[in-house]
Each structure stands twice: as structure tokens, then as C-alpha cells.
Amino acid sequence: MPTGTALRDVREQLFDAAERVLLRDGPSSLTSRAVTTEAGCAKGVLHRHFTDFDAFLAELVLDRIARIDGQAAALRGSAGTGSVADNLTRALTTLFESVAVAIVSLVTSRDELRARLREARPTGVPILTDAALAIASYLTAERELGRIAADADVDTLAPALIGAVHMLFADRQGIPPETADVHKVVTAVVSGR
């Protein structure tokens with residue numbers, strides 16, 4: 001006799017459930033039971049698709065990093081259009097309004113997860129490093145177009161932007177910053193003022 005309804009695209013349903021738990025309750029509340037309860041399925045479903053919970057979490061993080069790759073292409077494609085500060089403000093707000101801040105907290109709070117991610121990504125903090133690479137690529141394109149200083153050190157500007165804007169969004173319980181606040185930080189970092 002069936003014990004529940006069939007799940008379609010189980011991995012994505014579990015990832016989405018994990019994201020909801022992570023955003024609502026924080027990394028310390030993210031357990032396999034919390035994820036499967038949120039997804040409305042038996043705990044065994046998660047373990048049928050992943051070797052263990054840390055393998056699930058590593059796949060979740062890598063999946064969310066893949067989403068940044070799409071955003072990076074869109075950002076680079078915006079080079080030469082609009083203003084540099086507006087493009088960066090939009091991209092950074094999109095990044096940090098997502099689950100990115102919560103995933104950074106998750107990665108820093110779980111030793112086994114960090115170890116597994118190091119196998120796939122040996123350097124940097126997942127999500128933040130990927131976002132910095134995307135921003136550096138965009139800034140390089142803008143520098144080539146003459147829209148930022150020819151001597152701009154994009155490899156320093158990109159992580160400075162990530163760090164500064166991450167600080168605005170880091171309070172998971174707080175109200176997200178206003179677009180004007182993000183724009184102000186972006187403008188200050190890019191202009192050096």
C-alpha cells in the first residue's frame with residue numbers, strides 16, 4: 001500500500017525545502033528531518049538520493065552556485081549599458097536577497113560540509129568567491145569599455161564590493177537594506193571615495 005504521493009524532481013523539492021528552513025530558522029535548525037518535513041516526504045527519501053546529509057548539503061550549495069553562473073552571464077552582458085553602479089547594485093542585491101547569506105552561514109558552521117566542498121572548490125568561500133569572480137569579470141569588461149578607470153584593480157574591487165554589501169545584508173533577522181544604501185556602498189567602493 002502506498003505511503004504517500006510520488007515526488008517529482010525530488011532533488012529540487014528537497015533543495016527548495018532546505019532553503020526555506022535555512023531562511024526561516026537558520027543553519028542550526030537545518031537537519032534531514034527538518035528538510036523532509038518541510039518537503040512533506042519521509043526522511044528516507046533524502047537518504048535514497050544522497051549518501052548522507054552533508055552530501056545533500058554540498059549538492060545544495062553547488063546547485064545554488066550554478067545559479068550564480070547564470071547571473072554572472074547576465075551581469076557581464078550588461079557591460080556598456082546603464083550605469084556601472086546601477087548594474088552592480090542590481091546584481092549584488094539579487095545575490096544577497098537570495099539564500100546566499102544563509103548559505104555562507106551554513107558553510108561556516110559545518111566542518112564536514114566545508115571539507116566536502118573543498119573537494120569540488122579548493123579555495124575561497126563558496127557563493128562569495130563565485131560572486132566575486134563574476135563581479136571581477138564584469139568590471140574587467142567595463143574597464144575595457146573605458147567606463148571605469150583604466151588602472152582599476154578589479155581583482156581587489158570585486159571582493160571589496162562583496163564584503164561591503166554582504167555586511168549590509170548579513171543580519172538575517174533584520175530588514176534588508178534599501179537599494180539606495182547598497183548603491184551608496186557600490187559607488188564608494190568603485191570610485192574610491
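Contact, in this presentation, means heavy atoms within 4.5 Å.

Residues are numbered from 1 along each chain as its sequence is written, and side-chain values use heavy atoms, with hydrogens and water left out.

I begin with confidence. The score pLDDT is the predictor's confidence in each residue, from 0 to 100. For the protein chain the mean pLDDT is 89, and 93% of the residues reach 70 or more. Helices here are DSSP runs (H or I, at least four residues), numbered from the N terminus. Where pLDDT is low, the predicted coordinates should not be read in detail.

I turn to the interior. Buried means under 20% relative accessible area, exposed over 50%, and partly exposed in between, with a 1.4 Å probe and protein chains only. A nonpolar core is a set of buried Ala, Val, Leu, Ile, Met, Phe, Trp, Tyr and Cys residues joined through side-chain atoms within 4.5 Å. The largest such core has 61 residues, and L14, F56 and L139 have the most contacts inside it. Helix 4 (residues 53-77) gives the most to this core, with 9 residues.

Which residues does L139 touch, leaving aside its neighbours within four places in sequence? They are V84, L88, I148, V154, L157, A158 and L161.

L139 is one of the buried residues of helix 8. This helix, residues 128-144, reaches 24 Å from its first C-alpha to its last, close to the 24 Å expected at 1.5 Å a residue; the expected span is 1.5 Å times one less than the number of residues. Because 12 of its 17 residues are buried, helix 8 is largely enclosed by the rest of the structure. Its buried residues pack against helix 4, helix 5 (84-97), helix 6 and helix 9 (154-169). After helix 8 comes G146, with a positive phi near 80°.

Finally, the charged pairs. A salt bridge is a side-chain nitrogen of Lys or Arg within 4 Å of a carboxyl oxygen of Asp or Glu. The structure holds 15 of them. In one, the side chains of R64 and E19 meet at 2.6 Å, N to O. Since R64 lies in helix 4 and E19 in helix 1 (residues 10-25), this pair ties together parts that are 45 residues apart in sequence. Both R64 and E19 are buried.

Another salt bridge joins R20 and E38 at 2.9 Å, N to O. Here R20 in helix 1 is linked with E38 in helix 2, 18 residues apart. R20 is partly exposed, at 39% relative accessibility, and E38 is partly exposed at 26%. E38 also forms a salt bridge with R24, the closest N and O atoms being 2.9 Å apart. Through shared partners, salt bridges join E12, D16, E19, D63, R64 and R67 into one network.

Notes:
Helix = DSSP H or I, 4+ residues; strand = E, 2+ residues; numbered from the N terminus.
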